[in-house]
Amino acid sequence: MFLEIQYINKSFGKEQIVKDLNFSLAPHKTLSILGKSGCGKTSMLKIIGGLLKADSGNIILDGNDISELEAEKRNIVYLYQEDLLFPHLNVFENIAFGLRIKKQKEAHIQSKVKEMLELLELEDQGQKMPHQLSGGQRQRVSFGRAIIINPALLLLDEPFGSLDAGTRQRMQQLFKDIAHKFKITSLFVTHDLKEAILMGDEIAFMQSGKLKLYKNKEEFIADPSTGVQNEIGFWENLIPKGQNII
Amino acid sequence: MRISLKPFFLSIMVLLILFPFVYLLWLSLSADWSFPQVMPDYFGLKNWKALLISETGLLRSFFQSVIISVSVGFTATLSGFVISRNIAYHPKKNTLTLLSYFPYIISPVVFGACLSYFFLKLGIFGQMTGVIVAQFMISFPYALIFFNSFWGEKTKNMEDLVSTLGGNRLSSFTKVLLPLAKGMLLVCFFQTFLISWFEYGLTSVIGVGKVQTLTIKVFLFIREANYFYGALSSCLLILPPLVLMYINKKYVFNKLT
């Protein structure tokens with residue numbers, strides 16, 4: 001497997017946040033992780049990204065144990081709910097940031113960023129400053145900045161949480177297209193049931209620091225603890241039996 | 001017809017504010033002006049020309065003050081910025097922040113007296129280096145408190161983002177944090193420069209008369225009843241703050257608003 005997480009544990013004081021985290025993920029696949037606020041999903045992502053140190057356990061990425069490696073050497077990008085664009089840099093420079101850090105040649109940076117701007121349908125926005133963009137555009141720039149450095153693994157922490165329904169839907173599709181085009185391996189954390197089902201090739205549910213992986217989406221839907229059954233029940237009760245919506 | 005008194009009071013207010021400055025300038029241009037004469041016997045550039053004479057030591061004091069204040073402002077701002085980050089992310093942040101107020105709860109003269117033994121041992125008592133170190137010790141906590149608000153969850157997330165994008169601590173500072181804090185860094189530099197520029201108590205104890213900053217010089221002239229040189233040195237004293245205020249307004253404040 002491309003990503004293997006083995007017996008990760010993390011506690012803050014007496015409270016155990018992540019309990020015996022064990023899962024693996026094939027390359028170029030997205031694992032959706034559904035969980036409520038405070039269930040430990042952000043801590044889990046931060047441990048995998050190297051931003052938080054685990055108390056125990058191993059992280060194997062592409063056959064290498066990266067558990068002790070610093071975040072900047074892991075080639076894992078963490079994307080937050082907030083786009084976190086650098087306000088002093090324009091769109092072009094925000095996307096080019098990772099390439100400049102890696103001291104790539106100027107001609108290479110220019111061509112890669114232009115290509116990325118086209119892919120994100122932002123070709124006319126390169127010189128704009130972040131405050132001149134809409135929420136959806138900002139999130140697209142944030143994606144571009146992460147993907148352009150070709151990360152081995154992408155960690156997405158509720159990336160569309162702050163967007164309106166329409167923009168969110170467009171961004172979900174854009175992410176699926178980009179993930180397919182760039183063969184991205186990712187962990188997609190969300191608290192939205194529908195988004196979890198839509199975005200993942202595989203699906204998992206996190207509760208009180210424990211992660212449960214499902215063999216398929218049907219098993220996930222059938223599990224009462226995920227809340228899918230409640231959701232179905234809600235919509236069924238809303239519409240009287242034998243009556244069509246339209 | 002009702003007459004508005006607003007312009008009248010406004011003019012009075014402007015005159016009252018401007019009067020000390022105009023009077024200082026007038027005094028600096030005057031000589032041989034004693035009671036009950038309404039106007040001075042001499043009015044001209046004699047005092048200002050004396051600036052260039054080494055006897056008064058005013059020019060030397062002016063440049064010495066500039067060197068001291070620029071050094072204090074620069075070191076306090078930069079070190080305050082970097083160390084305030086460590087304090088902000090420290091588990092005992094509140095205790096450390098409280099400790100930053102310590103130099104302000106005792107009088108600068110008492111603080112200077114406490115420090116003098118150590119400065120004497122270090123061989124920097126009565127030296128310009130000693131004055132710079134002493135003034136740094138009261139400017140640095142100010143910078144720590146000033147930058148406290150800069151560090152928060154969003155800044156931390158940005159730093160983390162830089163590291164996952166492949167950047168180390170240095171690139172995080174040079175490419176993101178310093179450009180983000182540019183306005184705050186400038187304002188902090190101005191403030192710490194001014195703390196140092198007008199510092200009297202600590203400087204007089206640690207400098208022991210050997211390091212005569214412009215502020216010390218003003219008091220010396222006043223004590224000698226040399227009001228004309230006192231006014232002249234006061235004019236010099238308010239010159240850099242005026243320049244800083246202008247730069248602040250033109251390049252920092254306008255951009256922040």
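**Close-up views of a predicted two-chain model**

View 1. A:Ile33 stands opposite A:Val189, a residue of E8(A). The structure shown here and in the other views is a predicted model. Strand E3 (residues 30-35) and strand E8 (residues 186-190) of chain A pair in the parallel sense, over 5 bridges. Both strands belong to an open sheet of 6 strands in chain A, ordered E6-E7-E8-E3-E9-E10, in which the pairing is mixed. At its edges are E6 and strand E10 (210-214) of chain A, each of which pairs on one side only. From one strand to the next, the twist averages 20 degrees.

View 2. H5(A) touches E3, E7 and E8 of chain A, with its direction at about 165 degrees to that of E8(A).

**View 3. Four-stranded sheet of chain A.** Here 4 strands of chain A form an open, antiparallel sheet in the order E2-E1-E4-E5. Strand E2 (15-25) and strand E5 (64-65) of chain A are at the edges with a single partner strand each, so one side of each has no neighbour in the sheet. Strand E4 (residues 56-61) of chain A pairs with E5(A) over 2 bridges, in the antiparallel sense. A:Leu61 is placed opposite A:Asn64 of E5(A). Helix H1 (residues 41-49) of chain A lies across strand E1 (3-12), E2 and E4 of chain A and runs at about 60 degrees to E2(A).

View 4. The side chains of A:Glu158 and A:Lys41 form a salt bridge, at 3.2 Å from N to O. A:Glu158 is in the loop between strand E7 (153-157) and helix H5 (165-181) of chain A, and A:Lys41 is in helix H1 of chain A, so the pair ties together parts 117 residues apart in sequence.

**View 5. Contact between chain A and chain B.** The contact takes 22 residues from chain A and 17 residues from chain B. Between them the chains bury about 1800 Å², 71% of it on carbon and sulfur atoms. The count between chain A and chain B is 1 salt bridge. B:Lys154 forms a salt bridge with A:Glu82, with the closest N and O atoms 3.7 Å apart. On the side of chain A that touches chain B, the elements giving two or more residues are H1, strand E6 (76-79), helix H2 (91-101) and helix H4 (135-147) of chain A. The residues of this side divide into 14 nonpolar, 3 polar and 5 charged.

How values were computed:
Residues are numbered from 1 along each chain as its sequence is written. Chains are lettered from A and ligands numbered from 1 in the order in which they are written. This is a predicted model: local features need pLDDT of at least 70, side-chain atom pairs count only at pLDDT 80 or more; totals for chains, interfaces and linings use all residues. Side-chain values use heavy atoms; hydrogens and water are left out. Two strands pair if DSSP finds at least two bridges between them. Contact means heavy atoms within 4.5 Å. Axes are lines fitted to C-alpha atoms, for helices over the stretch in contact, and angles run from 0 to 180 degrees between N-to-C directions. Buried area is the accessible area (1.4 Å probe) that two parts lose on being put together, summed over both. A salt bridge is a side-chain nitrogen of Lys or Arg within 4 Å of a carboxyl oxygen of Asp or Glu. Ala, Val, Leu, Ile, Met, Phe, Trp, Tyr, Cys and Pro count as nonpolar, Asp, Glu, Lys and Arg as charged, and the others, Gly among them, as polar.
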